[in-house]
Amino acid sequence: MVIDKNTNEGILSASVVLYDASGEELLKYGLTNGKGLIIFENLPKIKEATLLKITHGSYEPIEIKFQSPDVPNVLDLGNIKMKERIREIEEIAINLPPVFMKNDTLIINPAGFKLKENSVVEDLLKKVPGIVVWADGEVTVNGKSIKNVLVDGKPFLGGETIVATRNLPNSAVKNVKVYEKRSLNSDEEGPLEMDILLKKGTGIFGNIGFSYGYNDRREGNLTLNYFNRKQQFSLVAGLNNLNKEANTVAEFLKANIYMAGGNDQTSFMNAVSQVGDNEFKMIGLKVQSYWKPDFSTDMEGYFRSKEAFINQDILEDRYLNGELTQQTFEKSTQNGLQERVFLKGNTKYEFINHMLTFNMDAAHHRNSFENNIDREIVNPITGPLSKLRNRVNQESEGNNLNINVDWNLKKFSDQSVKYQFNYFDDHTEQLKWNRFDDIHVNTTTELLRSRFINSKVFRNNISSSNSLSILRIPILSRFNWDNNVAFKFSKADQIEDNLSPEDQFFLERNSWMSYDENQQEIKWDSKLKYKRSIHKATARWDQYHNFGVNVGMMNFWRNNNSTNSFRDLSKRFLKPVPELFYSYSKNILLKQYRVDLKYLMDYEIPSLNNYVDLIDSANFNFNTLGNRNLVPQTNHKFTLQVNLSGSKSKFKHDFTVDFMLRKNQLLDSVIYGQNGRVLSTKINGEGLPYFTVKYNSTWNGFLFGKTTNAIWRLDYLNNQEYGYQNGVKNFIHSHTISNFLLALITLNEALKLNLTNGLLISKYKINERNNGYLSNQLKGDIILTYPKGFTWVNNVYLISQKATRFPMNNQVIINSALSYRFLKKEQLEIKASVYDLLKQRSNIKTFLTDNYIRNITTNNLERTFTLGLAYYIRKF
């Protein structure tokens, strides 16, 4: 216990830091509680002496060196007395500890750590006990994720964590703060934020690089970033045919960072999950300005294009009432081009008790593709049903506009009003679809058909929401009223004509696919919320009880005036939306316990159209029918959640059970045609229960004497429902188990190992027949940073998939990148990379549902060698 030398009373919030004998490696840190008590457990085995430093702003610092036992369980150092600091008139310089608490904020002092030259913020965070930085850059503090990373109190260049932590040098950092951000008038636990405070608050960084390799594979990137305390600027440009893709300026920056080897651990730098052979181009600009403390703007614009070349083989088994009915064999090739121009603006203004935010984004897109398909459908007993060869050319062009306005009024400390307005316009100028089909039914009847589709679609969505906290009058002190109103307007016309290939005259107009219509939807959700919190505290523990009830109504109206009678409808639904919740939490010293119970009734509203999937034979690709006879599905949801964590355990546990009862469930009804056609629609039917069990845990400790951090997630889903196949009612019972394990093992200062394992097991039982699927993916990242300047990153993927009646598919994919950096700030890099060393060539995926199993094989990047040169701009 840490106590006052004069009063013998415990000292609250004294910073206690445990080092190795050299005083350079920080082993543990913590703060004393109200009684001056602190407990360090689960310490590593240390044969040498250990150094303990205790500091407090009001007391003289203390250093204690002691010999650690070989296997320490709990080492009691007894009472440690601190002498009160004698304050003089002049300011007293205090040497801050490497980690300490100030109020509810954890502060990390970079001066207290010994780091290598040219290290970045991530290297600093990895030195702090309790903080883990994972391979993708996510940061967790005692098992809880950092949701927002700020720089000098502001979002940094788009807000991606690694753009700050893997670019900013540790030498430019004054300190790092970690704190919990709580909502107004809320006792609920809030998300963690990290704020990186810089010494100067200004800097320039970026990179320019090019690589070239086997089979004309190439990549070029340019990023230039400038920031000061009032402005942030980013310019990006790049092209590659290595299946690397980014959708925003922030994503592009995330894929081009300074930290050696960091780029090779992100999802953008491996193409295992990409489909086809793709060429990507992008140029973008982002400017964030903080004109005044209460006025800021954020502007972004980019152009991106993606050209895709895809070859695909599909093998599919379809089942009727549990028996194999149809098999589909398909080969296809697709060449496509997608282009997108995007502009976004954000303005935030705060005045007196008001905060006004205005967001607007606009986009123009243009897509075109050519698709060639050879498909055969057979019955495993009777033989061929139909064959199809078709060629499709499609072009589309359109615009999107989205406007969002948020207004927040905080009139008193305990009263607030929030209002949100959103407008969305999806304007598809033109969709042209030319198609030629050569169809054989039962291999005897041949039908040649040419089709032309021309359509225009205009969609407008308007929504608004407001939240009123009534907290000024004592009797209404715990009420909140929320309202959300959404409007949707759509105008569409579509014409499909079938033509004769010989004389090019119209034969007939397809009435199922031709229509001219107007749609209107209005949805109003209104909720009155009541919440009560009870807090009890002693010097040893804190205890919270939170409970509440929400009473609401959902009012939904839909009208569609269509020239197609199947799509002409008018519906209105008025439904209650009740909600109950209760939570109990208790903190004892460094242990936390929490239990949550919740009940909610909500609804699944049928879409405007029943989507009809037709496998090409003698008819159409797809169709739509109006949901004139469907009613919303009612869901009664029950949730139990338990959270446990503490200092004595290396684990943090989260356990959740969700149980749902359904009424008027939306079910699938499938009809198999004699010629291979499949018609799939939605109907209302008897509801059956559904439940899930989720377990999440984090662990940190030592594995074989090596520092290890791990995350384990285990999910189980049990679903029961009915389905109709050719009018016959079937009972469908499915089980799904997914297991995810992530481990970060530090073998030594220069060698690290990241392991990721994802296991998925699915089983469908249709009446008495079982279909099953198993997928397992193991990924290993081996990162070696030795000798000086060298970084070697190896990615190894082991992928296995197995489905009923399909053989086991195994793939091994190995990627490797070796880089060397030199110059004073390690600004010039030479890198040699290889993708798919074993030449797997293809991407194989298997899909399983209650009535089909589908195996899809797609071409991929294939084995590629590249050699690149990059220069990193660094000025802080």
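Two strands count as paired if DSSP finds at least two bridges between them, and strands themselves are DSSP runs of E at least two residues long, just as helices are runs of H or I of at least four, both numbered from the N terminus. With that in hand, take T746: its bridge partner in β41 is K752.

Before going on, a word on what you're looking at. This is a predicted model, in which local features need pLDDT of at least 70, side-chain atom pairs count only at pLDDT 80 or more, and totals for chains, interfaces and linings use all residues. Residues are numbered from 1 along each chain as its sequence is written, and side-chain values use heavy atoms, with hydrogens and water left out.

**The whole protein**

The secondary structure comes to three helices and 48 strands. Of the 876 residues, 46% are buried, where buried means under 20% relative accessible area, exposed means over 50%, and partly exposed is in between (1.4 Å probe, protein chains only). The protein exposes about 43700 Å², with carbon and sulfur atoms supplying 56% of it; these areas come from the Shrake-Rupley method with a 1.4 Å probe, and for residues only the protein chains shown count as cover. Contact here means heavy atoms within 4.5 Å. Among contacts with a separation of 6 or more, 63% are between residues 24 or more positions apart.

**A run of hairpins**

| Strands | Bridges | Residues between the strands |
|---|---|---|
| β39 (706–725) and β40 | 19 bridges | two residues |
| β40 (728–746) and β41 (751–766) | 15 bridges | four residues |
| β41 and β42 | 16 bridges | two residues |

Going from β39 into β40, G723 stands opposite N730, and N726 in the turn has a positive phi of about 50°. Further on, L741 stands opposite N757 in β41. In the hairpin of β41 and β42, N767 takes a positive phi near 55°, and S762 faces Y773 in β42 across that pairing.

Strand β42 covers residues 769–784 and includes K779. Is K779 buried or exposed? K779 counts as buried, because its relative accessibility is 14%. Its side chain also makes a polar contact of 3.4 Å with the side chain of D781. A polar contact is a pair of N or O atoms within 3.5 Å; within protein, one must be able to donate a hydrogen and the other to accept it, and residues adjacent in sequence count only if both atoms are side-chain atoms.

Leaving aside neighbours within four places in sequence, Q777 is in contact with T756, N757, G758, Y797, L798 and I799. Q777 and Q811 are 34 residues apart in sequence and 9.5 Å apart in space, C-alpha to C-alpha.

**Nonpolar cores**

In soluble globular proteins, nonpolar side chains tend to be buried together. A nonpolar core is a set of buried Ala, Val, Leu, Ile, Met, Phe, Trp, Tyr and Cys residues joined through side-chain atoms within 4.5 Å. The largest one here has 44 residues, and those with the most contacts inside it are L125, F156, L168, M194 and I196. Strand β14 (residues 192–198) gives the most to this core, with four residues. Apart from it lies another core of 13 residues, among them F40, I54, F66 and M82.

**Aromatic pairs**

A search of the whole structure turns up 17 aromatic pairs. Rings of Phe, Tyr and Trp (its six-membered ring) pair if their centres lie within 6.5 Å; planes under 30 degrees apart count as stacked, over 60 as edge-to-face and the rest as tilted. Y258 and Y872 form an edge-to-face pair, 5.8 Å centre to centre with 80° between the planes. Y258 sits in the loop between α3 (249–254) and β18 (277–292) and Y872 in strand β48 (residues 864–875), so the pair ties together parts that are 614 residues apart in sequence. Both Y258 and Y872 are buried.

Y349 and F351 make a stacked pair, 5.1 Å centre to centre with 25° between the planes. Y349 counts as partly exposed at 36% relative accessibility, and F351 is partly exposed with a relative accessible area of 29%. Finally, ring pairs link F156, F205, F227 and F876 into a cluster.
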